[in-house]
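Reader: I'd like to go through this model with you. Can we put it up and take it topic by topic?

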Amino acid sequence: MAGGALFAAPAASASQLPNIAEGYDNNPHAVWCVQHLINDWVIHEHVSGNTTRPMDEDGVFGNETASWVKKAQVWWMGLPGDGIVGPHTGQHLIHDTSLTGDNYYGGSGHYCDGFIPTDW
């Protein structure tokens, strides 16, 4: 998924991108970005003692991805754990690079910024 993920980016600005969640019509690139950046956070911050990536980065938003989004929302972001990656959750995923350690896919103007909704 990662190799193919590098070639197509949506035309919409990040503030206009659709929410990402279980049961939504998700862009697989967007889901991959959510999985990748949360995995980065888990490893960087050793969440629950993890030193490996807890989720498959398969671009499919299933139960495991929803569970990790909820954990990230509550433990990292101080948000209600609803499992929906909307602009507030996306803002953290993209711009909290000090907590993910990922300045390649995360960060303003970087790859995942073109797929995850943010407040900007």
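Reader: What is the mean pLDDT of the protein, and what share of residues reach 70 or more?
Author: The mean pLDDT is 91, and 89% of residues reach 70 or more. pLDDT is the predictor's confidence in each residue, on a scale from 0 to 100.

Reader: Where is the pLDDT below 50?
Author: Over residues 1-7. That stretch has 11 contacts in the model beyond near neighbours in sequence; contact means heavy atoms within 4.5 Å. Where pLDDT is low, the predicted coordinates should not be read in detail.

Reader: Ground rules, please.
Author: This is a predicted model, so local features need pLDDT of at least 70 and side-chain atom pairs count only at pLDDT 80 or more, while totals for chains, interfaces and linings use all residues. Residues are numbered from 1 along each chain as its sequence is written, and side-chain values use heavy atoms, with hydrogens and water left out.

Reader: Core next. How many residues are in the largest nonpolar core?
Author: It has 27 residues. A nonpolar core is a set of buried Ala, Val, Leu, Ile, Met, Phe, Trp, Tyr and Cys residues joined through side-chain atoms within 4.5 Å. Buried means under 20% relative accessible area, exposed over 50%, and partly exposed in between, with a 1.4 Å probe and protein chains only.

Reader: Which residues have the most contacts inside the core?
Author: I38, L93, C112 and I116.

Reader: What does I116 touch, leaving out residues up to four places away?
Author: A14, L17, I20, A30, C33, V34, L37, V85, G90, L93 and I94.

Reader: Switching to aromatics. How many aromatic pairs are there?
Author: Five. Rings of Phe, Tyr and Trp (its six-membered ring) pair if their centres lie within 6.5 Å; planes under 30 degrees apart count as stacked, over 60 as edge-to-face and the rest as tilted.

Reader: Why is the W41 and W76 pair called stacked?
Author: Because the planes are at 25°, with the ring centres 5.2 Å apart. W41 sits in helix α2 and W76 in helix α3, 35 residues apart, and the pair links distant parts of the chain.

Reader: Are those two tryptophans buried or exposed?
Author: W41 is buried, and W76 is too.

Reader: And what kind of pair do Y111 and F115 form?
Author: A tilted one: 5.0 Å centre to centre, with 50° between the planes. Y111 has a relative accessible area of 15% and is buried. F115 is also buried, at 4%.

Reader: Which residues form the aromatic cluster?
Author: W32, Y104, Y105, Y111 and F115 make up one cluster.

Reader: Charges now. How many salt bridges does the whole structure have?
Author: Two. The rule is a side-chain nitrogen of Lys or Arg within 4 Å of a carboxyl oxygen of Asp or Glu.

Reader: Which residues are linked in the network?
Author: D40, R53 and E57. R53 meets D40 at 2.8 Å, N to O. R53 also bridges to E57, where the closest N and O atoms are 2.7 Å apart.

Reader: Where do R53 and D40 sit in the chain?
Author: R53 is in the loop between α2 and α3, and D40 is in helix α2, 13 residues apart. D40 is buried at 10% relative accessibility. R53 is partly exposed at 33%, and E57 is partly exposed at 23%.

Reader: What about D113, buried or exposed?
Author: Buried, yet without a salt bridge. The nearest side chain of opposite charge is R53, 18 Å away. For charge, Lys and Arg count as positive and Asp and Glu as negative; His and the chain ends are not counted.

Reader: Where is D113, and what is it in contact with?
Author: D113 is in the segment after α5 (97-100). Leaving aside neighbours within four places in sequence, its contacts are A14, L17, I94, Y105, G107, S108 and T118.

Reader: Last topic, backbone. What is phi of H46?
Author: Near 50°, a positive value in a residue other than glycine.

Technical notes
Helices (H or I, at least four residues) and strands (E, at least two) are DSSP runs, numbered from the N terminus.
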